[in-house]
Amino acid sequence: LGTDIATSVVVLDSLPGELIYLSDDLNGTYNAYSHQVTWNLGNIASGVQDTINVTAIVDIPIVNGTSVTSMASISCIENSSAEDFSNTIIYSSPIINILKTAPAIVNGNDTLVYTIEVSKSGTENATSVSLRDTLDSWLNYLGHTGTATYDGGNQILTWNLGTLGLGTTATVTVTAVLNACIPDGTVIRNSAYVSCTELPDTSSTMLTTVNLAPNLSITNTAPF
């Protein structure tokens, strides 16, 4: 604000001790001891605005729900200054996500492949992670990827995934074919569940419709 030029403008960003500085987009100078980033912006004319982005990561381990505060300030030779504070709550407890995918429609002779992806966010580990998949009674099990046990009587597959750390993703597949007696239009419901010590079970369900109608095609060719 104001009409005069601000000279020798300095911007200072003080990072909380719980964060590790990685980079910024305006070539600032980082002091690892004080956790401060400094930018010497020179002279700034009236009405000029700019944005500086600072990238940092959480220093782990950290207590779930920790509140961290970052302070940014700006000053110049003309004895004008301002500061602002940003507060962030860090959730470090594990969050387990599960996604199950498969074709929405399956034809009578097709092989049905389910893909199950388990991922973890949050800085704390998820321990004793177990993935369970129960096949629909209209399906005949063919195989799977990953190390799992198969209960043929109940058509249940179980993977013991152990401990999942920060950013870990586990992906498995299950392959099956349709029971020969399945009626046309049947909706196959298949659910997968993931559990761990720290959280309640999480599930993902895929619905697939059976199409037994004949699929005809014809190609007519002739010499030119």
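Thr66 sits in strand S6, which spans residues 66–75. The model is predicted. Thr66 has a relative accessible area of 17% and is therefore buried, the cut-off being under 20%. Its side chain reaches the backbone oxygen of Val63 at 2.6 Å. Beyond neighbours within four places in sequence, Thr66 contacts Glu18, Thr88, Ile89 and Ile90.

Next, the sheet. 4 strands form an open sheet, ordered S8-S10-S15-S12, with antiparallel pairing. S8 (95–101) and S12 (139–144) are the edge strands; each has a single partner strand, so one side of each lacks a neighbour in the sheet. From one strand to the next, the twist averages 25°. S12 pairs with S15 (residues 169–178) in the antiparallel sense over 5 bridges. Leu139 has Leu178 in S15 as its bridge partner.

Leu139 also belongs to the largest nonpolar core, which holds 28 residues. Together with Tyr114 and Leu131, Leu139 touches the most other members. Several elements give two or more residues to this core, among them S8, S15 and those tabulated here.

| Strand | Residues |
|---|---|
| S10 | 111–121 |
| S11 | 126–134 |
| S14 | 156–164 |
| S16 | 187–195 |
| S17 | 202–211 |

A second, separate core has 5 residues, including Val11, Leu15, Tyr21 and Val37. In soluble globular proteins, nonpolar side chains tend to be buried together.

What does Tyr114 touch, not counting residues up to four places away in sequence? Its contacts include Leu135, Leu139, Val172, Val174, Ile188 and Met206. Lys100, Thr101, Thr173, Asn190 and Thr208 are also among them.

Notes
Residues numbered from 1 in each chain as written. Predicted model: local features only at pLDDT ≥ 70, side-chain atom pairs only at ≥ 80, totals over all residues. Heavy atoms only, no water. Buried < 20%, exposed > 50% of the residue type's maximum accessible area, 1.4 Å probe, protein only. Polar contact = N/O pair within 3.5 Å; in protein donor to acceptor, adjacent residues only side chain to side chain. Contact = heavy atoms within 4.5 Å. Pairing = 2+ DSSP bridges. Axes fitted to C-alpha atoms, helices over the stretch in contact; angles between N-to-C directions. Core = buried A, V, L, I, M, F, W, Y, C linked by side-chain atoms within 4.5 Å.
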